[in-house]
Amino acid sequence: MAQPHGPAPQLTAMVVLEYIHAPILAFCFMTSLVLAVCTLQKEIALPLQRRRIAKVLVLTLLAGYCAEILYYFSRSISEKAFEAPHHVTFHCLGSILVWIPLSASIVNSKPLRWKPYFATFVLQSIFETTICILAGLALPAEDVYRSVPLSLSSIRAFASLGLLINGFFILISRKTEKCTDEEGQSLLGNNTNSSTAQPDTPGYGSTESSASSTTIAEERDRNQEVKDQQAKRLEEEGGWWGYLKGFAVFLPYLWPKDDWRIMACLFIRLLELVSTRFLNLLAPRQLGIITDKLATQTDVMPWGDIALWGFYHWFNSYSGFRWLDSYASVYIQRSAFRRITMLAYDHLMNLSMDFHSGKDSGEVLKAVEQASSLNSLVELVLFEIGPVIIDIFVAIWYVTHLFDGYMAFIILFMSLIYVWVGISATTWAQDKRRAYVANQRTQNTTVNETVHNWTTTAYFNNVAYEVDRYGTNISTTITSYFTYYFRSMLGHVFQSALTNVGFIICCTFAVSQIIYEGKSVGSLVAFIMFWTTIISPLYLVSYSFKHVSSTLIDAERLLQLLNTKPTVVDCEGAQDLIVKSGVVEIKDVNFHYDPRKQIIHNASLTAAGGQTIAFVGETGGGKSTMLKLLFRFYDVTGGSISIDGQDLRSVTLSSLRNALGVVPQDSTLFNQSIRQNVRYARLDATDAEIEDACRAAAIHDDIVGFPDGYSSKIGERGVKISGGQLQRLAIARVLLKNPKIVLLDEATSAIDSGIEAQIQQAFKKLSKGRTTFVIAHRLSTIVDADQIVVIDKGIIIERGNHSDLLEHGGKYAELWAKQTAGHLSQPDSKTASTANSDGQGELLIDLTPPDDDDDDDDEAKAGSK
Ligand SMILES: Nc1ncnc2c1ncn2[C@@H]1O[C@H](COP(=O)(O)OP(=O)(O)OP(=O)(O)O)[C@@H](O)[C@H]1O
């Protein structure tokens with residue numbers, strides 16, 4: 001059959017078009033897709049009928065290219081002298097390469113960003129129709145109707161036109177639909193999952209399967225809040241570019257311009273990046289040169305070439321320049337970690353009480369701990385993914401230069417499948433990984449819970465049950481790890497098989513080129529040496545997708561933390577608080593944590609300097625809240641609080657907190673020595689001062705009675721000392737701080753009456769000359785207070801000294817009567833029965849103690865166990 005041989009300009013135009021068709025199509029599709037993702041173009045679900053038409057047309061197109069390749073292949077086998085025109089095979093192979101992923105995404109029923117596809121169809125139609133017309137013109141008239149390639153080209157031109165028309169209808173009738181698939185959402189999360197998965201938090205000791213499934217759901221939802229924020233910000237910023245620019249605020253912390261060491265390290269990294277690109281190419285090329293020289297001059301030792309080859313290798317290794325680069329990288333990483341972590345920690349510690357009481361501390365700590373993820377993200381993109389893209393282009397050029405375009409096609413095919421397998425395997429293994437992490441978390445939680453609650457376990461004799469539960473947890477974790485490992489390994493297995501097959505095919509092709517095309521053996525050697533440079537970028541591309549996505553989530557979490565502003569801050573021009581006499585005035589104060597529930601209603605009172613004010617009342621009345629407002633954990637929502645005439649909101653927080661000493665309701669101590677814990681109140685206090693404070697708080701004798709005295713460790717959460725001792729230590733700390741105003745929240749509730757007298761003495765010492773606010777449920781501790789304020793449901797209902805209030809006969813007198821006489825009287829039978837029936841309904845368990853028969857039963861049970 002005749003080949004096109006018409007007028008030269010038409011033939012030349014056709015050849016040029018065939019060469020540039022596939023690269024231009026690929027470039028156009030890739031750029032418009034990146035643009036679509038960056039500008040957040042919506043994904044659309046293709047109407048069923050239109051998708052079917054598109055499927056048929058793209059498959060026809062693909063079949064058309066394959067058929068032409070097969071046609072030429074069969075001719076080159078059957079006709080010895082026949083050689084397929086290079087531009088035609090280039091055109092067909094290139095187009096197959098472009099249309100495989102495009103057809104795969106159209107055949108797949110996922111929603112698509114349609115504009116890039118439509119743009120590609122337009123170009124495809126123009127190219128294919130023009131090539132078809134030119135091919136028709138280039139053929140002699142008698143061959144036009146007999147030419148198989150021309151028929152195939154016409155079919156493709158019609159299919160392309162069809163695709164264009166069909167694509168146009170999809171474009172104008174598009175219905176936006178939110179993608180529900182995780183991968184389809186690119187790097188963002190999936191909103192639908194979060195709304196459907198509502199885990200019930202399992203109680204302690206809940207059954208294994210429910211706990212496990214819940215933790216898997218939790219694991220899935222753990223990042224959902226961050227992902228939602230990410231999606232919101234992405235929308236606000238109008239695309240990825242604006243979104244990523246949001247992280248630019250961290251650049252001065254990652255790479256501070258004024259730090260010459262960091263700048264020098266960056267320069268080294270940049271140098272390594274550029275030199276590696278060259279050396280990746282130069283080293284295999286040099287070996288090729290040596291091989292060729294050896295093939296032609298067997299009696300001359302190519303010393304110079306060997307030395308150059310050795311130099312390239314040495315320079316590109318850890319004993320050469322690479323160690324300097326890795327040192328520079330570690331230096332940048334560590335410095336960035338220090339700066340960003342300090343930034344996050346400092347910010348976190350300066351956030352207000354509302355943040356600390358409302359946030360999941362685990363998530364907050366994660367934001368601080370993973371502050372370095374930002375640096376990993378920048379490093380990954382700039383120093384790994386960026387160069388890899390250059391490497392891939394260089395590889396394509398180099399193999400084409402060594403052999404020809406076909407070799408580049410083989411490698412491109414293999415690369416495409418390799419990356420696809422990598423991404424699919426990671427996605428496929430993702431669910432199993434989540435399950436594994438969730439099971440691991442359950443396993444760790446079991447140990448934590450049971451070790452912390454060892455006493456509860458012992459009280460209920462459940463040690464065997466817990467050991468058994470932990471064993472089951474470990475087995476579940478191991479099983480889930482195997483499943484995860486199997487899935488991720490399968491991806492590696494396929495990829496490894498692919499690279500092996502790819503390598504063998506490439507080498508066979510190279511050998512055939514040496515034999516039939518006269519290529520040099522050195523080219524084969526250079527290619528073999530270059531192979532790793534081709535494969536390693538592919539590995540990185542196929543596995544960095546998930547990594548970038550999870551690093552972005554960590555970075556987003558940090559950004560959100562840093563964007564959270566403290567609600568209680570120093571106002572502009574805030575002055576230091578100066579306390580002289582310590583007059584505290586609470587004026588028409590209103591407060592709520594949540595606007596829907598008012599906590600304090602119009603509270604007013606004045607504490608003269610040095611007075612002791614006691615807050616009493618039913619639980620939940622708002623007493624602790626009053627102290628929190630005084631300490632300015634929160635700002636009042638109405639009215640004002642002032643100390644010596646200075647509004648708390650107009651003074652610096654630091655000076656206010658210096659002037660106040662607090663013994664909170666639940667004192668917490670660090671797991672350090674007693675001396676260190678007391679010294680926390682005043683870091684420069686001497687040992688003698690610490691002991692004085694402890695004496696005043698009536699705890700000194702207890703401390704010296706401990707085997708290690710003041711060096712005794714308190715234990716986690718102060719578990720090694722009694723409740724009374726803990727409170728006295730907390731009092732000692734405040735005594736050491738020696739503040740002008742003291743706030744005591746139920747500080748004496750756990751102290752027995754023997755110690756109480758000593759404590760009262762200590763209080764007297766402490767409150768002398770200081771304004772003191774005290775909350776006490778034990779009214780006996782505050783009978784001497786200058787003012788007793790009774791708070792009920794956030795309202796001050798009574799105020800006066802002890803005798804005034806008793807005389808008044810109101811709420812305080814009622815509370816006093818209950819406390820002084822109540823413990824002597826037994827609850828009457830009526831109250832008892834009410835308490836029993838109140839809200840309990842009929843009891844499902846038998847409360848009568850077991851008799852002897854039951855004991856037998858128990859023994860039988862124990863035996864069976
Ligand atoms: N951080 C918070 N967020 C929302 N509500 C809170 C917060 N802290 C306390 N409350 C609510 O404010 C009300 C008053 O609490 P507060 O702790 O001041 O009471 P109290 O009189 O000190 O009680 P108790 O004597 O039991 O310590 C309660 O209803 C409580 O549930």
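In which sense do strand β7 and strand β8 pair, and over how many bridges? Strand β7 (residues 741-745) and strand β8 (residues 771-775) pair in the parallel sense, over five bridges. V742 has T772 of β8 as its bridge partner. Strands here are DSSP runs of E with at least two residues, helices are runs of H or I with at least four, and both are numbered from the N terminus. Two strands pair if DSSP finds at least two bridges between them.

This is a predicted model: local features need pLDDT of at least 70, side-chain atom pairs count only at pLDDT 80 or more, and totals for chains, interfaces and linings use all residues. Residues are numbered from 1 along each chain as its sequence is written.

Both strands belong to an open sheet of six strands with mixed pairing, in the order β6-β7-β8-β3-β9-β10. β6 (660-663) and β10 (795-800) stand at the edges with a single partner strand each, so one side of each has no neighbour in the sheet. On average, neighbouring strands of this sheet are turned by 15° against each other, direction ignored.

Helix α26 (residues 723-737) lies across β6 and β7, at about 175° to β6. Such angles run from 0 to 180 degrees between N-to-C directions, with axes fitted to C-alpha atoms, for helices over the stretch in contact; contact requires C-beta atoms, placed from the backbone, within 7 Å. Of the 15 residues of α26, 13 are buried (20 or more other C-beta atoms within 10 Å of their own, C-beta atoms being placed from the backbone). N738 follows α26 and has a positive phi, near 55°.

Definitions and conventions
Buried ≥ 20, exposed ≤ 12 C-beta atoms within 10 Å, placed from the backbone. Contact = placed C-beta atoms within 7 Å.
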